[in-house]
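Visitor: Please show me the structure. I would like to go through it by question and answer.

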Amino acid sequence: MAKNSTKPLSHPLLLLLILIAHTAMMVLVIFSFGINAEVVKMAVAVLLADVAGSVILQIVQREACTVDTVMLLVIGMSTIYQSCFGGLSFALKHYIFGLAAFLMCQISYAVTRNPYRAERWKPAWYVLFFALVAAILLLTGSRSMWIDLGFITIQPSEFVKPVFVLIAASSIRTQLNKKTFLGIHFVPDNLMLILCTVVIAGLQWWCRDLGSLPTFVAVAGFGFLLRFCYLREKFSVRLIVFLAGCAVVAGVLAWKLAPAYVQERLHSDIWSDMSGTGYQQVKALTAVAEGGWFGKGAGNGTLIRVAASRTDIVFSTICEEWGLFTGMMTVILVLFLPASILTVPPRSYYHSGLAVGVAAVFMVQMTLNIFGSCNVIPFTGVTIPFISQGGSSMLSSGILAGFLKAAQAPVLTDPVLKKKGGA
Amino acid sequence: MQQQNEPVLNTAAVPSMRRAGKWTALLLTAFFIGLIYLAYRLITQSSFYMAKSGAATYGKVVDRTGDVLFDGTQPLSNYGWGQFADVGNLIGDTSGQMSNTIVAKNIGLLANYSFTYGNNAGTTVLETTLLHSANRAVSNAFGMKNGTAIAYNWKTGEVPVCVSKPCVDIAQGYEGLAAMPEGSLLCKAFYPTVPGSTQKVSTLLAAYESAGVEKINALQYECTGSWTNPNGDDIHCHAEFGHGVQDLAAAFANSCNPYFAQLVQSGNVPLSDIIRTYQHMGYAVNGSEADSFDLNGITIQPGSTTLTNKDEFETEWGALGQGKTLVSPYQLMLFQGAVANGTGSAVKPYLLRSKTAPDGKVSSLASTQYTSQMFSPVAAQAVQDVMTKNAANNYSLVLGGYTCGVKSGTAQIKRTDKSYENSFLVGYCLDESCPVAFCVMIEEREQWDVTAAQIVRVLLDSLNGQIGG
Amino acid sequence: MDIQEIFRQYPYFREAATAFVVIFVNICALVILIAAGRERRRGDRRWAKESKGYMLVCQGQTYPLSAAEILIGRHPSADICFPETEISRFHALLTFSNGRWQIEDAGAHNGVIVNGRRISGPCTLHRNDAITIGKRRLVVVKGERM
């Protein structure tokens, strides 16, 4: 066993499994539509991406195959889903963005694989963060989160997420670097995180896009949690009560002060307003109920006629056509990405911060999307990573996946120490 | 340094790196538990979703003997004429014409849909606590009169009779909706109305609770057919020449207005105490908040009254159950339930007994629950004494053979187009074979019409021995 | 098409096929898990090779150096935690970069002593170096891989 496992990981076996999984799904599509040009296009595209992705990884780099494998599997699956919703037409745009996300993953891996370097570049992340914030303020239309370039719309707030994760992560060395001003000891890094959190929260408030606010709050929260772990003796009962009290007060304040449109979302009963505010959720829930365990069959769904069926209520759209089993399966597959950190622990503080940040983004987004569309919590317009349609979200999810990969296959050369030549 | 064999390399992860894994695992676990809950919720509520969006087929509602009260699987005209004519406005249907009915409020339970088998699963059967034959008998007993009769088992909470006339026949459809008599589409037992002298039960309960049984029973007031309060307003008695000097038992039996008005005005029972007991009994007094009642999803508005100053006519009139006082027959029945069991806390009524899912799985919907303490057990038992004596002395001809307690009432309704009187009888039967609390109301009753007591007799006869246990 | 014909003929064929796909994707997930487990062993091995297989030994107990940053101190969240009061809460920081281990003072009151000399800046560690922290003597030992 030991000998066996020293061999490069069995990429070919994994590739074969992915190919069979995608082919099996495609066979289901063929049951619904027969063999036609669109099916062939889709099959060729998806299988080609699998093979190409695997081969390139095999040649270029053999580390952290979990993340890449799961990404290939999930992107192929979501391309098939998106191509079949309500009738077959190859989702070329989704497919291209999927490939781009895979590429972005490799790029962000290359950038962050060295935790020392990635942390030393923090000033650059701050600049990028404020540049994106400025872009949202200046370039987007009045109080919206979208930049319209005519041929394509970009959602800069999606790209703020990975940058924010880079800012929220911190190392023990940074935390030991205390400054004193007017007799107050403080860690500059922590002050910056607070500032960035306030800025992004204020911006979201101003833009009336509170859907992604929980994501940022969660990332900042876990960032501080890890800092507390570094710096506090223990989680004393008093501290926990204090923090919980703060959270409750903040929650109540946010609840009370939330703008009218948010209040409406928080208090609405979808069943009493089935054609108004509850329309999407009612349709989504009915679709899940109609789909049953095994769905109506690819392409036989009707939820596609409802707005945001490919993004905000995509879980229900999948459940309607493919069944609850497959829907849950897909969600759990996406969970494999942040879960990979459990099998291969990170080697540095900064990477562990990144990994937890990415897990927080993925979890919160999926929670808001899935539980929101199913009327367990208030409904907000957020996406499921890699599954929902949308270029910005896809690319930013790819970048986040790159962080996970970096945490599992780090390169540990400190650029500054190298120059000095060591002590 | 002493040379030694190389020790085995320790590859365990250090605590700080394990921490990241711990937080991630926590997040994952929370999400996973949520996902399992979501799946459970989606599966169990799927029939509700389908029913709400109108995409489901519906099953049957039956009474406690299996007699069909609503059938979503076939045209209702397949049934014999009048099958649905007695409890149509209680059971309702899927047409959407009636919103406060068993079917409308439990549409998710009635849907045939199952997550696994879809719409082809079979037929859902909702069994109610109603006894169709008794409802029919009571409905017929009203004759040409309109009104409502509701009764429930004060031991278990089952509601075997709930009739409201006029009643739509759901088998006939709604084409003649405009020509239907007013009130055909709702069950009057659930809507507050002027209770008349049945309100004296509530006032007496408050008096007993406030001043004690012995003191109240010893109070004597004179009735000369009319009594003038300190503000100079007259409270008239239905007996033109009055009842003379009476004690409480006599005044209760006579339903004497001047006696009760003086009881309220005298200060022997502080008005604040009456208000407090009323509020415990679920009245909204002087605009205060009161919870509405829920009967298997059916909403019943709480009673309300205005009691501001013991010397004012409006307050005294309100405590007598006239004027601004409004209570639903359902709530009056609930008080009787709490009097009958002598605890001051009633068993909550329910209408749905069980659901038989399309796959044949039977799940019970019945549960015996109690209301909050409405009044003290002492007051409940004292009122029970008074009411039982009243029944024995004045209703033995009609209700003979049953150990009952009753209170009659006459509500004076003044509308712009007409004024009339509604006749009430509230009470309970203590017999083991028929432990029910009831409220019967006959609208616009004239002298020679059927009496409420006669309808109660029909009700008791048709339920006797049928609802035990 | 013929395929659709089969599909129509056997009403539960699609359900069965969907179940098959779901089960297969499950198997896929399982294999990925196994692969991840193997990756972990590979990662450990790679780390052991890269980090020279060093670990710290103190009074017969071994402390793994399985991450690039190791905090030594009295603080409960420290990776190597000693309870003695003469050891500061954040005493020393071991870091691994560019293929070598270094130790530096993380704000210790009593300083960090390597091979009898109190260090002022980062100090590269070698095999059998002795680190003295308070009354503790930690020895850098090369562990043998299983």
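**Salt bridges, interfaces, sheet and cavity**

Visitor: Which residue meets R276(B) in a salt bridge, at 3.7 Å, N to O?
Guide: A salt bridge here is a side-chain nitrogen of Lys or Arg within 4 Å of a carboxyl oxygen of Asp or Glu. At 3.7 Å, N to O, the side chain of R276(B) meets that of D273(B). Both lie in helix α10 (residues 271-280) of chain B, 3 residues apart, about one turn of the helix. The partner is D273(B).

Visitor: What are the ground rules for this model?
Guide: This is a predicted model, where local features need pLDDT of at least 70, side-chain atom pairs count only at pLDDT 80 or more, and totals for chains, interfaces and linings use all residues. Residues are numbered from 1 along each chain as its sequence is written, chains are lettered from A and ligands numbered from 1 in the order in which they are written, and side-chain values use heavy atoms, with hydrogens and water left out. Helices (H or I, at least four residues) and strands (E, at least two) are DSSP runs, numbered from the N terminus.

Visitor: How many salt bridges are counted between chain C and chain A?
Guide: Over all chains the rule gives 23 salt bridges. D44(C) and R347(A) meet in a salt bridge through their side chains (3.0 Å, N to O). Across the interface of chain C and chain B the count is 0. Between chain C and chain A it is 2.

Visitor: What area is buried between chain C and chain A?
Guide: Contact means heavy atoms within 4.5 Å, and 58 residues of chain C are in contact with 70 residues of chain A. E39(C), R42(C) and E69(C) supply 12% of the area that chain C buries there, more than any other three residues. Buried area is the accessible area (1.4 Å probe) that two parts lose on being put together, summed over both. Carbon and sulfur atoms give 63% of a total of about 5600 Å².

Visitor: Which three residues supply 29% of the area that chain C buries against chain B?
Guide: Here 23 residues of chain C are in contact with 14 residues of chain B. The two chains bury about 1600 Å², 58% of it on carbon and sulfur atoms. More than any other three residues, the suppliers of that 29% are P64(C), D79(C) and E144(C).

Visitor: Which residue in β6(C) is the bridge partner of S97(C)?
Guide: Strands β5 (residues 92-97) and β6 (residues 100-105) of chain C pair in the antiparallel sense over 6 bridges. The partner of S97(C) is R100(C).

Visitor: Where does P166(B) lie?
Guide: Most peptide bonds are trans. The bond from K165(B) to P166(B) is cis, with omega near 0 degrees. P166(B) lies in the loop between β5 (161-165) and α6 (199-211) of chain B.

Visitor: Which helix gives the largest share of the lining of the largest cavity?
Guide: The lining includes R347(A), Q408(A), R46(C) and W47(C). On a 1 Å grid over the protein atoms alone, a cavity is a set of points where a 1.4 Å probe fits but cannot get out, and lining residues have an atom within 4 Å of a point. The largest share, 4 residues, comes from chain C, helix α2 (residues 13-50).

Definitions and conventions. On a 1 Å grid over the protein atoms alone, a cavity is a set of points where a 1.4 Å probe fits but cannot get out, and a pocket is an open set with protein on both sides within 12 Å along at least five of seven lines; lining residues have an atom within 4 Å of a point. Two strands pair if DSSP finds at least two bridges between them.
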